[in-house]
Amino acid sequence: MTRIMTAAIASIALLTACGGGESASDNRAKVADELMDSAKSEGLELDQECVDKIASKLSDADAQLMVDSIGDEDMPTLSDSGEALKAELFGCVGTDALVDQLMESIGDQPGMDKDCIRDVFEGLSSDDMAAISASGGDMSGDVMTQLMQDVIPCMSAGG
């Protein structure tokens, strides 16, 4: 379950692989536009104002790196502050859309009570989702421990 959940949430993180610029503010606007377009192509709806706010926080160098990587499959390595901004993107995704994408990735696995799983994920905040994604599936963190405690009752052993 952890692998599926992490993969679903990680797909959101791929939205940060963007890039195409001129001035720093032009680059930030291009980054925001690319994030919006990428999310839409993934079937997610982002809040434009939220994305613009996050893009405006990018350093000149990080904005340039992201613009230069537009169309590349590899995500650029940003500064520590730029990497931290990626987590903030989860706050721009509507919880319903994120849960829908997660549920689609779970599919019809035997033993999964999808309504129960949906209830668990709908109860998570965007900060929780960001922490789960940042954990990379590491179960030692409080958020992942709590998530697993909440999800286990949604699964049956026999399938």
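This is a predicted model: local features need pLDDT of at least 70, side-chain atom pairs count only at pLDDT 80 or more; totals for chains, interfaces and linings use all residues.
Me: Why is asparagine 27 called buried?
Reply: The relative accessible area of asparagine 27 is 1%.

Me: What makes the pairing of the side chains of asparagine 27 and glutamine 64 a polar contact?
Reply: The two side chains are 2.7 Å apart at this contact. A polar contact requires N or O atoms within 3.5 Å, one able to donate a hydrogen and the other to accept it.

Me: Why is the space in the largest cavity called a cavity and not a pocket?
Reply: In a cavity a 1.4 Å probe fits but cannot get out, whereas a pocket is open. The largest cavity holds about 70 Å³ of space. Among the residues closest to its centre are Leu35, Ile54 and Met66. Helix α5 gives the most to the lining, with three residues.

Me: What classes of residue make up the lining of the largest cavity?
Reply: The lining has nine nonpolar, two polar and one charged residues.

Me: What makes the largest nonpolar core a core, and which residues have the most contacts inside it?
Reply: Such a core consists of buried residues of nonpolar kinds joined through side-chain atoms within 4.5 Å. The largest one has 20 residues, and those with the most contacts inside it include Val31, Leu46 and Ile54. Helix α2 gives the most to this core, with five residues. A second, separate core has 18 residues, including Met103 and Leu147.

Definitions and conventions:
Residues are numbered from 1 along each chain as its sequence is written. Side-chain values use heavy atoms; hydrogens and water are left out. On a 1 Å grid over the protein atoms alone, a cavity is a set of points where a 1.4 Å probe fits but cannot get out, and a pocket is an open set with protein on both sides within 12 Å along at least five of seven lines; lining residues have an atom within 4 Å of a point. Grid points are joined across faces, edges and corners, and a volume is the space filled by probe spheres set on the points. Helices (H or I, at least four residues) and strands (E, at least two) are DSSP runs, numbered from the N terminus. Ala, Val, Leu, Ile, Met, Phe, Trp, Tyr, Cys and Pro count as nonpolar, Asp, Glu, Lys and Arg as charged, and the others, Gly among them, as polar. Buried means under 20% relative accessible area, exposed over 50%, partly exposed in between (1.4 Å probe, protein chains only).
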